[in-house]
Amino acid sequence: MPWFYLFLAGILECGWAVGLKYTVGFTRLVPSVLTITCMIASIGLLGLAIRDLPVGTAYAIWTGIGTVGTVALGIALFGDPASLARIACIGLILAGIAGLKLTS
């Protein structure tokens, strides 16, 4: 169950990171409420996950999922660049996440 909590926390991290763009500096009510809700839920689920997982591993995987997901959503939603170098760096992050999971 802690790995599920961690995965969901990472997905919610993507939600709040992308949500920040839609809040327009927290001037729009609905996106702001949704973004803050994702922030609280993401950190809460991370807290549940680290009860049973090593804190360094859990934190690195949480931020890794958030980073990869946010970059992918930035490319898909906002037209962020999708250069070969960026894709290769995402691959390195994914390799690190897999390595941490396998050694936990």
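## Exercises on a predicted helical model

Let's start with alanine 9: setting aside neighbours within four places in sequence, this residue is in contact with Ser42, Leu45, Leu46 and Trp62. Keep in mind that the model is predicted.

**Exercise 1.** Find out which elements give two or more residues to the largest nonpolar core.

*Solution.* Begin with the core itself, which has 13 residues. Among those with the most contacts inside it are Ala9, Leu46 and Trp62, along with Leu6, Leu53, Ala58 and Ile61. Next, look at the elements: α1 (2-23), α2 (29-49) and α3 (55-78) each give two or more residues to this core.

**Exercise 2.** Decide whether threonine 23 is buried or exposed, and work out what surrounds this residue.

*Solution.* First, locate threonine 23 in helix α1. Its relative accessibility is 1%, and the cut-off for buried is under 20%, so threonine 23 counts as buried. Then follow the side chain, which reaches the backbone oxygen of leucine 20 at 2.8 Å. Finally, beyond the neighbours within four places in sequence, threonine 23 is in contact with Arg28, Pro31, Ser32 and Thr35.

**Exercise 3.** Classify leucine 8 by its relative accessible area, then give its C-alpha separation from serine 42.

*Solution.* Leucine 8 also belongs to helix α1. Its relative accessible area is 31%, which lies between 20% and 50%, so leucine 8 is partly exposed. Along the chain, serine 42 is 34 residues apart from leucine 8, yet their C-alpha atoms are separated by 7.4 Å.

**Exercise 4.** Identify where confidence is lowest and where it is highest.

*Solution.* Start with the protein's average pLDDT of 95, with 100% of the residues scoring at least 70. Now compare elements: helix α4 (residues 84-102) is lowest, at a mean of 91, while α2 is highest, at 98.

How values were computed: Residues are numbered from 1 along each chain as its sequence is written. This is a predicted model: local features need pLDDT of at least 70, side-chain atom pairs count only at pLDDT 80 or more; totals for chains, interfaces and linings use all residues. Side-chain values use heavy atoms; hydrogens and water are left out. A nonpolar core is a set of buried Ala, Val, Leu, Ile, Met, Phe, Trp, Tyr and Cys residues joined through side-chain atoms within 4.5 Å. Buried means under 20% relative accessible area, exposed over 50%, partly exposed in between (1.4 Å probe, protein chains only). Helices (H or I, at least four residues) and strands (E, at least two) are DSSP runs, numbered from the N terminus. Contact means heavy atoms within 4.5 Å. A polar contact is a pair of N or O atoms within 3.5 Å; within protein, one must be able to donate a hydrogen and the other to accept it, and residues adjacent in sequence count only if both atoms are side-chain atoms. pLDDT is the predictor's confidence in each residue, from 0 to 100.
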